[in-house]
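This briefing covers a predicted model.

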Amino acid sequence: MGLFTAVFLAVVLLCEGRIKKFQDEGTAASDEQMEGMPDYGNPEDARKLKCSACKNVVLEVKEALDKLEALRHGVVKSYEIEDVLDSLCSKISVTYGILRKSNRPTTIFSRNKLISRLTGNWINSYIETRCGEILTDYEDDLITNYRIPLQELQDKICRKGVQYCASTEEVQEAEL
């Protein structure tokens, strides 16, 4: 391989890494966008943010435990579950952001890299904190019930449990 080819290949790989990093991290909120952010001190915004965070935490727990169960062919040890759940909240904090619609922040958390979302400032620590609260209080319920359908589990934890979601309809609203 010639020097030119090696340099070209290195530049391409570097660019791919930067693009992937940008896609993985979302976009940090600018000062202007921070002005339009939901006010988590406002009770209605806080409830919506908590509901969205809870639904996504339950989704992540269910997916992680389903994956672990598939890998272990249905025989999962309790320490394996603990290992998965111990790292979940820190993973969520870097995976999720606030969804933007028409370039305006919403009260919905999203991990979808194809949709515009904001990260940074209080956003990532907010969902990580909600994750920790939910796992502290409802870890046993999540482990016992993760095999039930997702919306039922979200309703059980987010509406009936922590009461972050006000209604069954709110639990059933699709997250993007």
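Rings of Phe, Tyr and Trp, the last by its six-membered ring, count as a pair if their centres lie within 6.5 Å. The predicted model holds 4 aromatic pairs. The disulfides come to 3.

**Aromatic residues**

- F109 and Y126 form a stacked pair, with 6.1 Å from centre to centre and 10° between the planes.
- This pair links distant parts of the chain, since F109 is in strand β3 (residues 104-110) and Y126 is in helix α5 (residues 123-145), 17 residues apart.
- F109 is buried at a relative accessible area of 0%, and Y126 is buried at 8%.
- W122 and Y126 make an edge-to-face pair, at 5.6 Å centre to centre with 80° between the planes; both residues are buried.
- One aromatic cluster is formed by Y40, F109, W122 and Y126.
- R130 lies over the face of Y126, 4.5 Å from the ring centre.

**Disulfides**

- C51 and C165 are bonded, with their sulfur atoms 2.0 Å apart; the link is right-handed, with 100° about the S-S bond.
- C51 is buried at 2% relative accessibility, and C165 is buried at 3%.
- C54 is joined to C158, S to S 2.1 Å, and the pair ties helix α3 to helix α6 across 104 residues of sequence.
- The C54 and C158 disulfide is left-handed because the torsion about its S-S bond is about -95°.
- C54 has a relative accessible area of 0%, and C158 is likewise buried at 0%.
- The disulfide between C89 and C131 has an S to S distance of 2.1 Å; its torsion of about -80° makes it left-handed.
- C89 in helix α4 (residues 78-95) and C131 in helix α5 are 42 residues apart, and both cysteines are buried.
- With the bonded cysteines numbered in sequence order, the pairing reads 1-6, 2-5, 3-4.

- E69 lies in helix α3 (residues 43-71).
- E69 counts as buried because its relative accessibility is 18%, and buried means under 20%.
- Leaving out residues up to four places away in sequence, E69 touches G74, V76, Y146 and R147.
- Helix α6 (residues 150-161) has L153, Q154, D155, I157, C158 and G161 buried.
- The buried residues of α6 pack against α3, α5 and α7 (168-172).

Notes: Residues are numbered from 1 along each chain as its sequence is written. This is a predicted model: local features need pLDDT of at least 70, side-chain atom pairs count only at pLDDT 80 or more; totals for chains, interfaces and linings use all residues. Side-chain values use heavy atoms; hydrogens and water are left out. Helices (H or I, at least four residues) and strands (E, at least two) are DSSP runs, numbered from the N terminus. Buried means under 20% relative accessible area, exposed over 50%, partly exposed in between (1.4 Å probe, protein chains only). Contact means heavy atoms within 4.5 Å. Rings of Phe, Tyr and Trp (its six-membered ring) pair if their centres lie within 6.5 Å; planes under 30 degrees apart count as stacked, over 60 as edge-to-face and the rest as tilted. A charge sits over a ring if NZ of Lys or CZ of Arg is within 6 Å of the ring centre and within 35 degrees of the ring normal. A disulfide is a pair of cysteine sulfur atoms within 2.5 Å.
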